[in-house]
Amino acid sequence: NECQVVMGTPSEIYATFVMQTVAEEDDTRSIWPSSPSKHGWKTGVYTIDSRPNGRPLSTWGPDDFKSDLETHGPYMRSYSKEFPGVNGWDWRFPYKNTPPKLPEATIGTSF
């Protein structure tokens, strides 16, 4: 979801196939091309609530607007070496404020 969907590039598969399939299966929920999404959908949704309207999904170009509709961050991503919350390896992990690894404990009742 952190991948910016840009039509005409390999990432467009998220709009033309993945999210198009989601939209066809459930048109009652708002959908978003990525998070953050610089400009939202260009086609395929109602602009008032971003619910699918039955047309093919496409996104605006990365330079179609001077400002972004949505941004977020900076944030600390994730605390997992095995499953980083970024697209690719986070070379800064572990962070200074990474919680310490807790000892394993038996869970459940004991008699």
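Trainee: Which residues form the largest nonpolar core?

Mentor: The model is a predicted one. In soluble globular proteins, nonpolar side chains tend to be buried together. Here the largest nonpolar core has 8 residues, namely Val5, Ala15, Met19, Ala23, Ile31, Trp41, Val45 and Leu57.

Trainee: Which element supplies the largest share of this core?

Mentor: The protein has 1 helix and 2 strands, arranged along the sequence in the pattern α-β-β. With 3 residues, the largest share of the core comes from α1.

Trainee: Which residues does Ile31 touch, leaving out those up to four places away in sequence?

Mentor: Ile31 is itself a member of the largest nonpolar core. Beyond four places in sequence, its contacts are Met19, Val22, Ala23, Trp41, Val45, Ser50, Pro52 and Leu57.

Trainee: Is Ile13 buried, partly exposed or exposed?

Mentor: Ile13 belongs to helix α1, which spans residues 13-25. Buried means under 20% relative accessible area and exposed means over 50%. Because its relative accessible area is 43%, Ile13 is partly exposed.

Trainee: What percentage of the residues in the protein is buried?

Mentor: The protein exposes about 8800 Å², of which carbon and sulfur atoms supply 57%. Of the 111 residues in the protein, the buried ones make up 23%.

Note on methods: Residues are numbered from 1 along each chain as its sequence is written. This is a predicted model: local features need pLDDT of at least 70, side-chain atom pairs count only at pLDDT 80 or more; totals for chains, interfaces and linings use all residues. Side-chain values use heavy atoms; hydrogens and water are left out. Helices (H or I, at least four residues) and strands (E, at least two) are DSSP runs, numbered from the N terminus. Buried means under 20% relative accessible area, exposed over 50%, partly exposed in between (1.4 Å probe, protein chains only). Accessible areas come from the Shrake-Rupley method with a 1.4 Å probe; for residues, only the protein chains shown count as cover. A nonpolar core is a set of buried Ala, Val, Leu, Ile, Met, Phe, Trp, Tyr and Cys residues joined through side-chain atoms within 4.5 Å. Contact means heavy atoms within 4.5 Å.
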